[in-house]
Amino acid sequence: MSLTQRILLAMVFGLILGAVLQWADLPQEHFLSLYFLDGLIDSGGKIFVTLLKMMVVPLVFVSLICGAASLGATGSVGRLGGKTIGLYLLTTAMAVSMALCMALVINPGLDATEDSNDKSQYTAYEGKQAPSVKDTLIGIFPSNPVKAMAEGKMLQVIIFALLMGLALSQAGEAGVRIVSFFNDLNSVFMKMITMVIMLTPYGVFCLMVKLGATVGLEEIGKVFVYFITVTLALLFHACIVYPSLLKTLAGLSPRLFLPKMKEPLLVALSTASSGATLPVTLRTVQNKLGVNNNVASFAVPLGATINMDGTAIMQGVATVFIAQYFGYDLGLAAYLTVILTATLASIGTAAVPGVGLITLTLVLDQVGLPVEGIGLIIGVDRLLDMLRTAVNITGDATVATVVAKSEGQLDLDVYHDSEAGSAIDGMSERAV
């Protein structure tokens, strides 16, 4: 079986086993709960995610230095950066606008209001304080690059790697020698990623067992219409908006794009982390979509850090849901504020843990809605987070492909080859 087929099987069997364990309702001190679910399964899932995260900082740092050094020699860094950031902001604005429109048509909050008139139970939620624009801007630049790498502050790592790559491109023979070393190191890291990816079916199985055993189906029932609205909006954005951008801006066939994204999508659904999925996304964008490393090494890590289309969709629907639930009537100006705030917040709070709830807190504050309303949707947020992550990494790959095509950095033969990257997978499986 192919790697994708094995991952799918692992997801299905993991969810089934997890659901069986939840149905059995075993006590916490039971052997299966203590040693199997909370021991072996939980450890296996966390080790897999940790191995993926282990590769993120060194891969982004080395790959981005190689790309920036190459782009620095041609003087195209500024143009590439402008296109990439501009497209990320555009897709985020489109995402939150579409989500607001869909939510206003479906009215998810009106259905939830019928289930409970006691809203005091949700006042316990306290939103985290969002950082100021000034603090966010200052925080992008690293005072200690080594500390930034150790703490996984990706925007700071990206800035330092860009500056170092540009410096190497201007350093003559010394720069050429060092860039050659980083190119070799980048090849080694890509091989390491391939080795880790071979463990994906086992890691996904553990993650899905844990999810199936802990997800509360009764929580979905309480906010079912909200859950369905967010899901529909996410699917629309991933299956309609992104393919349309590929076709209109780059003239590429979406039918070839989405099937090649199977592996990173499955990893994104399992881990619910764009950062953890980044090595798989980067590998797919380069080897299967044909995006040159110069573009991929810049656009994909940047997207994993600041591209929050899935989160913006959740914020749009959640804003309408909370407003309707608490009986607030938002006008056109308030909805425009939501669009602007959610779009800018996708960059403004990118380096802060818990970015989804922090930015939602910021959005609700801007339009005068009660922050405690977030407590309504926390119960189903883990499942929606999986879908949001899948949408985010699809957006990263879409923007990288569109920018690469506009810069003449896309290998069309690789893009149009449905088997591209398969030979690499086969060799890696045999090697492992």
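**Figure 1. An overview of the protein chain, with 21 helices and zero strands.** Helices (H or I, at least four residues) and strands (E, at least two) are DSSP runs, numbered from the N terminus. This is a predicted model, where local features need pLDDT of at least 70 and side-chain atom pairs count only at pLDDT 80 or more, while totals for chains, interfaces and linings use all residues. Residues are numbered from 1 along each chain as its sequence is written, and side-chain values use heavy atoms, with hydrogens and water left out. Of the 432 residues in the protein chain, 53% are buried; that label means under 20% relative accessible area, with exposed being over 50% and partly exposed in between (1.4 Å probe, protein chains only). The chain exposes about 18,700 Å², and carbon and sulfur atoms supply 65% of that. Areas come from the Shrake-Rupley method with a 1.4 Å probe, and for residues, only the protein chains shown count as cover. Take the contacts (heavy atoms within 4.5 Å) between residues at least 6 apart in sequence: 85% of them join residues at least 24 apart.

**Figure 2. Helix 1 and its buried residues.** Helix 1 covers residues 3-24, and its 22 residues should span 32 Å at 1.5 Å a residue; the end C-alpha atoms sit 31 Å apart, which agrees. The expected span here is 1.5 Å times one less than the number of residues. Buried in this helix are Leu3, Thr4, Arg6, Ile7, Ala10, Met11, Gly14, Gly18 and Leu21.

**Figure 3. Phenylalanine 36 in helix 2.** Helix 2 runs over residues 31-74. Phenylalanine 36 counts as partly exposed, at 22% relative accessibility. Leaving aside residues up to four places away in sequence, phenylalanine 36 touches Leu17, Leu21, Phe31 and Ile41.

**Figure 4. The salt bridge between aspartate 38 and lysine 210.** Side chains of opposite charge can pair when their charged atoms come close. A salt bridge is a side-chain nitrogen of Lys or Arg within 4 Å of a carboxyl oxygen of Asp or Glu, and the whole structure has seven of them. In this one, the closest N and O atoms of aspartate 38 and lysine 210 are 2.9 Å apart. Aspartate 38 belongs to helix 2 and lysine 210 to helix 9 (residues 200-214), so the pair ties together parts 172 residues apart in sequence. Aspartate 38 is partly exposed at 28%, and lysine 210 is partly exposed at 23%.

**Figure 5. Arginine 79 meets glutamate 407 in a salt bridge.** The N to O distance is 2.9 Å. Arginine 79 is in helix 3 (residues 77-106) and glutamate 407 in the loop between helix 19 (378-406) and helix 20 (412-416), so to speak distant parts of the chain, 328 residues apart. Arginine 79 is partly exposed, with a relative accessible area of 46%, whereas glutamate 407 is buried at 17%.

**Figure 6. Lysine 288 and glutamate 263, another salt-bridged pair.** Their side chains meet at 3.2 Å, N to O. Lysine 288 lies in the loop between helix 14 (274-287) and helix 15 (293-306), and glutamate 263 in helix 13 (residues 262-271), so the pair ties together parts 25 residues apart in sequence. Lysine 288 counts as buried at 12% relative accessibility, and glutamate 263 counts as buried at 3%.
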